[in-house]
Amino acid sequence: MMNIFDLTGKTAIVTGGTTGLGRGIALALANAGADIVIVDIVDDDETKERIAAMGNKVMRIQTDLSKYENIQDVVSKTIAEFGKVDILFNNAGIIRRTPAVDFSERDWDDVMNINSKTVFFLSQAVARDMMKRNYGKIINTASLLSFSGGITVPSYAASKGAVAQITKALANEWAKYGLNINAIAPGYMITNNTAPLRKDPERTDSITERIPAGRWGNPEDIQGAAIFLASAASDYVNGHVLVVDGGWMAR
Ligand SMILES: NC(=O)c1ccc[n+]([C@@H]2O[C@H](COP(=O)([O-])OP(=O)(O)OC[C@H]3O[C@@H](n4cnc5c(N)ncnc54)[C@H](O)[C@@H]3O)[C@@H](O)[C@H]2O)c1
C-alpha cells in the first residue's frame, strides 16, 4: 500500500519555524519527506541546520510577515528556488497580555496583523500558485481561544477566532480547486508563547488540573496532526479545526 502520509517531492512553507511549535512542524514535515522553507522574523539557523542534516532541501527567509508588502516576496522566493508551493503552514503568531480596559491600539493591531491578516493574505498568495496545479494544503494555527475568550488577551482571542473563520471561508471557496484548508488548535503547549503563564505556579497548576492528559503539550505532540493535514491522508478533510489539546476541550 502507498504511504498516504508521504510528503516526498512536496515543498512546504512553515512560518515562525525557528522555534516552538513551528520548529516541531518543520521537522515533522521534513521527516515525512518535504522540502522546507522556514519564514521567520528571527535570525536563527538551528531548524534549518537540523533539516539539512536530514538530507532535505531547506531555505530560510528572514522577514517580518506582519508587513503586507513582505508576503508576496516570500512566495516569489519560494517559487524561484523550489518551483512551487504545495503546503503552507501558517504558524507564526504573537500574544500580548493586558487587561482589556487598558489594552492599547498597538497591541490590538500587532496581534491582529500577524495572527490573522497575514494568515489570509499569505494563503491568498500561495493559493494563486496552488490553483494552477489543482493541489495544495494550507494549515492554519488556531487556538483554544478560537473557541473561548481567554483572560487579558483580547486581541489574541479575536485573532484566533478569525483564524477559525478564515479556515472555513477559504475551504468553502477553494476546495473545488483541489486545495485543503484546515487548522490545528493546540492546547497549552510548552513554548515561548506560554512562558509568562508558566512563571505563575498557581495558574500553571489550575491549567494542568483541567487537562485530562494531565500534562502540557510539547512541539512533538503536534507533529502527527501536522503531517496528517499536510498529506494525502486528509484529502477529503476541508475547513476543519483539529484540537490537539490533551482533552481540554472535552471537559
Ligand atoms: N504555545 C501554545 O500553548 C499555543 C497554543 C495555541 C496556539 N499557539 C499558536 O502557535 C503558534 C506558534 O506559537 P509558539 O507557541 O510556538 O510560540 P513562539 O513564540 O515560540 O513561536 C512563534 C514564532 O513566530 C515567529 N514570529 C512572530 N512574529 C513574526 C513576524 N511578524 N514575522 C515572522 N515571524 C514571526 C517568532 O519569531 C517565532 O519563531 C502561534 O500562532 C501561537 O499563537 C500556541
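Two residues are in contact if their C-beta atoms, placed from the backbone, lie within 7 Å. Helices (H or I, at least four residues) and strands (E, at least two) are DSSP runs, numbered from the N terminus.

**Figure 1. Overview of the predicted model.** The structure is a predicted model, in which local features need pLDDT of at least 70 and side-chain atom pairs count only at pLDDT 80 or more, while totals for chains, interfaces and linings use all residues. Residues are numbered from 1 along each chain as its sequence is written. The protein comprises eight helices and seven strands. Its radius of gyration, taken over C-alpha atoms, is 17 Å, close to the 18 Å that the globule rule gives for 251 residues, so the protein is as compact as a globular protein of that length. The globule rule is 2.2 Å times the number of residues to the power 0.38. Along its principal axes the C-alpha trace spans about 50 × 40 × 35 Å. Of the contacts with a separation of 6 or more, 71% are between residues 24 or more positions apart.

Figure 2. A residue is buried if 20 or more other C-beta atoms lie within 10 Å of its own, exposed if 12 or fewer, and partly exposed in between. In α8 (residues 223-230), the buried residues are Ala 225, Ala 226, Ile 227, Leu 229 and Ala 230. They pack against α1, β1 (11-15), β4 (87-90), β5 (136-141), β6 (179-186) and β7 (241-244). Ile 227 is buried because 21 other C-beta atoms lie within 10 Å. Leaving aside neighbours within four places in sequence, Ile 227 is in contact with Phe 5, Ala 28, Leu 29 and Ala 32. The C-alpha atoms of Ile 227 and Ala 32 are 7.2 Å apart, although the two residues are 195 apart in sequence.

Figure 3. Five of the five residues of β1 are buried. Thr 11, Ile 13 and Thr 15 point one way from the strand, and Ala 12 and Val 14 the other way. In a regular strand the side chains alternate between the two faces of the sheet. Strands β1 and β2 (residues 35-40) run parallel and are joined by five bridges; two strands pair if DSSP finds at least two bridges between them. Ile 13 stands opposite Val 37 in β2. A nonpolar core is a set of buried Ala, Val, Leu, Ile, Met, Phe, Trp, Tyr and Cys residues joined through C-beta atoms within 7 Å. The largest such core has 63 residues, and those with the most contacts inside it are Ile 13, Leu 29, Ile 36 and Ala 226. Helix α5 (residues 154-174) supplies the largest share of this core, eight residues.

**Figure 4. Two loop residues with positive phi.** Asn 134, in the loop between α4 (105-133) and β5, has a positive phi of about 55 degrees although it is not a glycine. Asn 134 counts as exposed because it has 10 C-beta neighbours inside 10 Å. Thr 152 lies in the loop between β5 and α5, and its phi is positive, near 65 degrees. With 14 other C-beta atoms within 10 Å, Thr 152 is partly exposed.
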